[in-house]
Amino acid sequence: VFRNGEKRFREYHVYYADSTYFDVFTLPFLEGNPKTALTQPNTIVLTETHAKKYFGAERALGRTLTVDENKVYTVTGVMKDYPENSHFRCAALCSIVSNPIIDKNIWLELWYSTYIVLKPGTDADAFAAKLEKAGASYVAAQAEAVLGVRIREFLNSGNAYGYFMQPLPSIYLQSARTYGIDRNTAWGDERSGDMAYIYIFAGVAAFILVIAVINFMNLATARSERRAKEVGIRKTLGSDRARLIRQFMTESILTSGLAVLLSLAVLELFLPAFNRLSGRQLTINYFDNLLAIPALVVFAIVLGALAGIYPAFVLSSFSPTRALTAHDGAHSRKSRMRNILVVVQFSISITLMICTIVIKQQLDFIQAKNLGFNKEHLLMIGQAYVLGSRIDAFKQEALKNPQIVSIATSFRLFNAGVPGHAYFFDKKTGTNPMSMSYLEADENFLKTYQIPMKSGRFFSREYSTDSNAVVINEATVREIGTTDVVGKQLTALSTYDGAKSYTIIGVVKDFHWESLHQGIRPLALFLYPENKSGNVLNVRIQGGDIKGSIEFLKTTWEKFAGGESFYWNFVDRDLKRMYEAEAKIADIAIVVSMLAIFIACLGLFGLASFVTEQRVKEIGIRKVMGASVMEIVLLLSKEFTKRVAFANAIAWPVAFYFMNAWLQNFAYRIAIDLSIFIGAGLLALAIALATVSFQAVKAAVANPIQSLRYE
């Protein structure tokens, strides 16, 4: 919390950085000197936006900000805002020497990321090997002091400890898959994405383009009989095949060029809506990149050539004699090709439909899954540490309201990330430490979250020894390998505190304290010290008057928090944020699938019109002979039904392969049910029949006299 006079500002992205930060990152300075901005304690560098936010139009350099009520920082620089496409952004950077808890001589616990600029020509792999060797030489002595065993013995037992490097451009999209880091918290609070989704949507875009190209090819060849006389006359007057191919290819490329221009207009129109849907701020700067315009031109030419090459060769192959007669001898061959293209088109559409359904069902499963605690009517109040010694008084006052069921203090719970410490069960040293996360919570935590105990008991203020006690989850018991754990010792290894042992007093039922991308991992719960304010107050309220309960909590907060703002959120909303990326992908997938199906149906509609027109005399004769409208509709729809059936046979295994791979990202996932495939197939068939039936009914109800008239 920053304060300038009476104005308070809550910031989430404030970091410590050392004095060489601006040697590595060349962010332009508007005020101050980047060489000296972070050399002294209690100094801070602000971004341009936040300097204006705190000080308005006044000069920020030399001004002071009060941070978290008791720390005064002097503004020694104002830098330009971070670019939108940076993996790392912040509101402010504080000098790292301002933080006394950071010890640069401790190699086992790193609280910061280090960025290294290599000299041009440096072999990155060779440097990484040297870094590993240097790190090992420093780590070994500290590790042996904590573990109580030789580092070689520790490593030979299958353990590992080391440093790794990652190229900065790959951090945003490749951290999660390359290093197994949860993308919600990869690299601390830095933003992270997943390259897999880029490939997925690039593939989907290519599929939609293929559908459109197939439409063009199908309709162009379907119109070939209409252009047959044109081809015959041109050949009779001296045109050769090469000239005709150039003509038809030019027509296709011009059509593609016009389509590209139209698509750019549509793109500009819908880009703001897509940005809102995706949560990104994408922009297209056509003139900032010298390759943008040439690339679009090349794209239009290549696309036009691909779409036009088959129709051009088909149309130019007509002989003058056959072209000037009523029928084309290659009709059956072209018809088979059109059938194949329609099958490919609907295979893509059905695949997208199945993928969309699976993604939606997985997200619904995540939202509905029993997390091991009751998330309803549970809210978290952030920045609880501002209450200081008044935290117990706040709790007592809040609990006077009958709508407030219970309140518990803890550090932030829903925080996926690397495990916190190494632990030994029932011994103090060795070569097989368990990697466990830990959470400090008070004695009301289980009551507030409604988490059941498996065995033993939870913390209680009646036992003074609970300050040296620990409660573990079932995942820890499974890791230990024995159920006889209550009363035994769990030793935490810390570079700062050394080996400290705690008595296990209970085992709680497993609950999901991380996203469902992760399985439930070992967790140790420690008693939060009495009268110590935590980061979060967890409050369970009655379901009757939720709005009134929140207003009461806000009023009570303002009474004890010394003017600090009241920040709260429902736990279920906080949980939803863990899956924002998947939720946005599901929304985009739905839109994309609808678009693909719409484009496929456009082509099917045109092809159905052509087929119906070809068989207009047959339909007229059948009507004269007594055929009903329904019989004619079924006749015309039968062929398209076969094509959709073939498309399903192709789409189902393809969709299963890709969705099964996608679901591997979740530790808890749905089973891909056969009903999904059947439902998508029937839906595609219904859409195809509805599209074809419109033309079929139109032909079936037409007057047979009109269709049988020759002249």
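Helix α9 bends by about 45° at Gly308, the bend at a residue being the angle between axes fitted to the seven residues ending there and the seven starting there. A proline, Pro311, follows within four residues. The model is predicted: local features need pLDDT of at least 70, side-chain atom pairs count only at pLDDT 80 or more, and totals for chains, interfaces and linings use all residues. Residues are numbered from 1 along each chain as its sequence is written, and side-chain values use heavy atoms, leaving out hydrogens and water.

**Helix α9**
- Helices (H or I, at least four residues) and strands (E, at least two) are DSSP runs numbered from the N terminus.
- The 25 residues of α9 (residues 292-316) should span 36 Å at 1.5 Å a residue, and the end C-alpha atoms are 35 Å apart, which agrees; the expected span is 1.5 Å times one less than the number of residues.
- Buried residues of α9 include Gly304, Gly308 and Pro311, where buried means under 20% relative accessible area, with a 1.4 Å probe and protein chains only.

**Asn275**
- Asn275 lies in helix α8 (residues 241-278) and is buried, with a relative accessible area of 9%.
- Not counting residues up to four places away in sequence, Asn275 touches Arg280, Gln281 and Leu282; contact means heavy atoms within 4.5 Å.

**Strand β7 and its partners**
- Two strands pair if DSSP finds at least two bridges between them.
- Strand β4 (residues 29-32) runs antiparallel to β7 (residues 71-79), joined by 3 bridges, and Glu31 stands opposite Val78.
- Strand β5 (residues 43-47) runs parallel to β7 with 5 bridges, and Val45 stands opposite Gly77.
- Strand β6 (residues 64-67) pairs with β7 in the antiparallel sense over 4 bridges, with Tyr73 the bridge partner of Leu65.

Note on methods:
Buried < 20%, exposed > 50% of the residue type's maximum accessible area, 1.4 Å probe, protein only.
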